[in-house]
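Me: I'd like to go through this one with you and check what the labels rest on. Can you take me from rule to value each time?

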Amino acid sequence: MEYLSNDKILVVDLAKGDVEEEELSEELVAERIGGAGVNARLYKEYADDDPIVLGVGLLTGSMYPASAASVLTAKSPVTGKLCHCPVTLKVGIEIKYAGFDYIVIKGRSDKPVYLWIHDGVADIADAADVWGKDVWETTDAWRKGVGDDLLQTMVIGPAGEKGLDCAQVCYNYWTGPDRFGIGKLFGQRNLKGMAFRGMGLLEAAEPEDFVDEAFELLEAVKGNAFMSKKGLGPICAALGEADAEEWLSPVVHRHSADYFTPYATNTFAFIDEDPAAVTETAKPEPGVLISDIPALLAFKKLGLSALDAAKAMQACARQGVDPMAAATAGEKGGKTSIDDILSQVAATTEPAAMEGNGVFSPWCPRKPIFGDFGASDTDAWWERRQAVAAIFGIQPVFAVMCPQLTEESMISLSNIGGELELDQETLDTVIGDIAG
Amino acid sequence: MGIKIDALKCTNCMACEMACGYHRDDGFAFLSACIVPYRAREKKDYFGVLLKEEDSLVVARPEGTEINRIGEEADPDKEADASAKPMLLREACDLCEDMKYGPMCVKICPVDAISVAE
Ligand code: SF4
Ligand code: SF4
């Protein structure tokens, strides 16, 4: 596959300690499009090894708005199904710019390792020094090791190493969409995580036409009333949790966006620094980046202040525990004080109850945010929207926010950029196949 | 004329870096961009935008913009970012004079944090 791609599939055998490269054929893309579509096919191909498959969307890292995401596909120990977990922030695009489109991970290493992917090179590297360390220490160590603070990582913490169902794969320092226990799968394979960095170039078949259409789309997106807002507060309000916005406000520092995502879907909460500070804080670890709206609301429901909820989120991020699992365990155990909840975080074992069909992550709110999609059956609409986002590489929360990001526009830009002839029928087939 | 950045409005999305990279390399890339949101101090949530101009490196910080003349010794305590170094080797902003959309970073910024100042 010449365009929008690196033309590379990497197959990693952790048991043998070797890596192999394959080409990404145009036929595979024509049939399965990308992201979760191709991941599911690769999973099937290597099913005997029960692999973890990481893939970029066909549009990931392009000038299509919100093309921020990649996707981790694996058999979830929580749902027993093949699930598709979005890779968000700027980690999703770094995978593509580091030189690979798909990474199939099979086997189990006999000692702790991590995958180090940089500028088209893949190494299985020793992780003995970070095994037992938390998510923050690990990302810090890897960044320091290569002297590059822009290294993007996927990491498990102690929860993943222990092989718990509540374990999450975290991104850089933060919790993410993994409600599926993919963190456990990493731990079972002695895989501490992956690190990505690269300065690739992705060609488009018709770059000018691509940019024309993408900019037209961007203008339409920018016309949305929600574009005057930022962060998690307004999202909570739009989901019917009007008081959550006010509740959260005392800890809000700044809001940030995943790659080229027009709405900032991440809010940074300061814990031991004044949230109103605009200059750089001297505190090395003043707070936590929050993207998990349902978990945040679950901590609120336990009666925590926003400050305490942020502390709980931070503890989950360090331990690599799904915050929704921690909040659920807190609720079951009747925990209401922050000290109890903080000690609960490291003691959490059970996953959160799974909403939906267990294939896409309910980390993304399960109804339209702001936008009117004219959906009558919200569940089916949401599953489809998540599927489409996971195929093309669209930031999943923005996908349920912005009606202008139509399937038609994703197909059209893929065809222009990739010199393809995708149509709605192909997309419907792939969606039908991955949506379980 | 020059590019003006409101770092407080910025959401650190990297779209400007992509648009500038596209202007340089006719593909999707960040390699040669002369506008780069800095994001290395991730745990501190401290971010803004760097811009390389002909004679200066503009550091748009949330607390205000600082213009460092290239060649002069920068204050080591105020080093902007690890990305400041490779930036100095890149081509300076030419305001996208050959692009039909004009300055691509202005066009793409979803939150209108970038504008052209006379
Ligand atoms: S105006 Fe053009 S050259 Fe200058 S920073 Fe913006 S995109 Fe880059
Ligand atoms: S495009 Fe705008 S919001 Fe995004 S990083 Fe650049 S200046 Fe910031």
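This is a predicted model: local features need pLDDT of at least 70, side-chain atom pairs count only at pLDDT 80 or more; totals for chains, interfaces and linings use all residues.

Me: What makes Asp112(B) and Lys222(A) a salt bridge?

Reply: Their side chains meet at 2.8 Å, N to O. The cut-off is 4 Å, so the pair qualifies.

Me: How is the size of the interface given, and what is buried between chain A and chain B?

Reply: Interface size is often given as the accessible area lost when the parts come together. Between chain A and chain B about 4100 Å² is buried, with 60% of that from carbon and sulfur atoms. In chain A, Phe215(A), Arg254(A) and Glu280(A) lose the most area to chain B, together 17% of what that side buries.

Me: Which kinds of residues make up the shell around ligand 2?

Reply: The shell divides into 10 nonpolar, two polar and no charged residues. Among the residues surrounding ligand 2 are Cys10(B), Met14(B), Pro37(B) and Ile114(B).

Definitions and conventions: Residues are numbered from 1 along each chain as its sequence is written. Chains are lettered from A and ligands numbered from 1 in the order in which they are written. Side-chain values use heavy atoms; hydrogens and water are left out. A residue is near a molecule or strand if one of its heavy atoms lies within 4 Å of it. Ala, Val, Leu, Ile, Met, Phe, Trp, Tyr, Cys and Pro count as nonpolar, Asp, Glu, Lys and Arg as charged, and the others, Gly among them, as polar. Buried area is the accessible area (1.4 Å probe) that two parts lose on being put together, summed over both.
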